[in-house]
Amino acid sequence: MSDQYHFIGNDALESLKKVLDGLAPSGIFLVHGHKSYSDCGAAEAMGSLLKGYEVTEFDAFSSNPKYEEAEAGCEAFIASGADVVIGVGGGSGMDIAKAIRHLAAARFEAVTGSKKMIPLVAVPTTSGTGAEATKFVVLYKDGKKMSMEAEDVLPDYAVVYPPFTCSSNLYLTICAGFDAIAQAIESVWSVGATEESCSYAFKALGLMWKTLPKAAYMTLEDRAKMAEGAYWAGRAINITRTTAPHAYSYTFTSEYLYPHGHAVALTFPFFFGYNLGCTVSDYSGKDFGEYTDRISRLKEVLGISTAAEMLAYVDRLGISELRRNQDIDWDSYLDSVNPDRLANNPRPMDAISNALLVRDLEKNRSRKTDRVISILFMQEFKEVLLRTLGSFMNFCSRNGLRWYLAYGGAIGAVRHKGMVPWDDDIDVYMPREDYEKLLKMDAFPDGYGILAARRGDYDVPFSYIKYVDRRTSLQEMWKYRVDTGVFVDVFPLDSCDGDVSAIDAFRKKYLKIFQLYKRGTRKYRFEDWKKSCERLDFHAICVAVIDRCILRYLRYWYRSRFNKMDESLAGSEGDYYVSLGSPYPTFKEIYSKEWFKDTTTMQFDGLEVQLPAGYDSLLRQIYGDYMQMPPEDKRESDHHHYILDLKRKLS
Ligand SMILES: [Zn+2]
């Protein structure tokens, strides 16, 4: 049997019930995992679903199942008299059920001379392996890996019920999800790809590629997309098999204990660049023209085309690196690569490409400052950020400083009673009078402080105040190499008369002078400099030369000019406020002072924050209909934080 019935979605269990009613089994052999089985809600749901059937449960297997365990399972199945096998679990629960059915079918055939039909149902509880859709099983026999592959290993029914995948922890969700994405991509470039396998793989990528980076705040809808995507990725590799990233991953799992998806992710950026750079002379398959068609479609679907972009994607997931203090025996690692799986790779590997791969893996692990905030850190980061806001609030109330939650934070307070789920920074407004007082203060709570160009003691690439947690390390933009720590941005509110064009002219000058100071503090990396030269990018070269040779020496002069302008704002008057330092156009940043006459208190992830009473008019002016959630693909932060360490100061 090469085809399979599949039921995907929140009604999948009802479909399973109907299937079982139709099969009318005399007994059911239910294979499932241990703790995960009850944690994910499957124990309860399957219990009530199977009420009335004679059920024999089997869970005597390890997380990397052994051949002996499958044989014991087969014995137990025959002894039970059951005639349907159901496997519920992540990879191993389904794998062992698949092996049991395969062994039992062979047993019947040996005894009776004819095949007996034993229906097999697979119910995944993680979104990743796609094992419910493949005809392979990996087992361990005498400590060695053995693959079992046969048509009757493929389950007859795949039942993908997304709520079962909700309980897995964030790291494992990411690992499993990336495994599924890797399987889909590998299937696209595999030399065994067919029209059918590509249609499954692209369907899978359409569901998963943009969904997985939301892992930290996935909705049930997103979970459903991941679960369905993993199923189609399984269907795709069932045809094509996996390729080099999988072949190079197994030792990371067996010897160095990385979860499978993390192990695949380690080499994935390298192979993404390597395979996409395949030429007609080194293509292992038959039809190179057809291969390039597949690859250009892949680039289109993913929206990326280089190893660096793939690395950035995996970086965000937090699974791009080897552990810091772990020595890898690279020779035996390279020796252990399975040549069979490698044969599916579109471009062969040789000693030189192996050396480049190892170089990349070591380079990734030694990067210190290029790590974009990964969603694995997101939860922890938000806790530290809210703690910083809390400290700022206390400090202000003790010192009688006025402030109001601003921008995305204000939307979050109104719409979500906390931070917008995909947001990663907090801004506040502070009237100029209070802002000037804050600038002159020295006694901050333990561990906290402020940074500002006006304080003059630090090269800072921002024109306003940052209230920072000095015990943490965070860098916003690598070009400025400034480790601010986790921060709350404090934007001054300056009085003005509401004359948009005059204010706009002043603002342009104010920001221009600041920009010239900021450029003088820019750092250049040799590699980027080299790249600009190689590409003959004259604009980039000129900018770099001006920054390094002129502005660098004039920066303090520009800073003092900026500081004078900023100080002079303390004397301004009028019925309006303007926020000069924001990225929005000036007409959106001129607020009526009426809106700030009173404040209103709102809940914000457990804190009680203040908004101007006229927040609705203010937010409408900047964002339009701010209560409307943005379209799904816009639910993303546009900041680029490099989290260095949330527990200590590195610099
Ligand atoms: Zn895999």
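A residue counts as buried if 20 or more other C-beta atoms, placed from the backbone, lie within 10 Å of its own, as exposed if 12 or fewer do, and as partly exposed in between. What you have open is a predicted model, in which local features need pLDDT of at least 70, side-chain atom pairs count only at pLDDT 80 or more, and totals for chains, interfaces and linings use all residues. Residues are numbered from 1 along each chain as its sequence is written.

Among the six residues of E7, the count of buried ones is zero. Val138 has Ser147 as its bridge partner. Two residues separate the strands of this hairpin, and Asp142 in the turn has a positive phi of about 50°.

**Stop two: helix H23.** Select residues 615-623 and highlight Tyr615, Leu618 and Leu619, the buried residues of this helix. They lie on the same side of H23, because they cover an arc of only 90° around the axis (the arc of the directions from the helix axis to the C-beta atoms). Among the elements covering them are helix H18 (407-416) and strand E17 (599-604), where contact means C-beta atoms, placed from the backbone, within 7 Å.

Technical notes:
Helices (H or I, at least four residues) and strands (E, at least two) are DSSP runs, numbered from the N terminus. Two strands pair if DSSP finds at least two bridges between them. Two residues are in contact if their C-beta atoms, placed from the backbone, lie within 7 Å.
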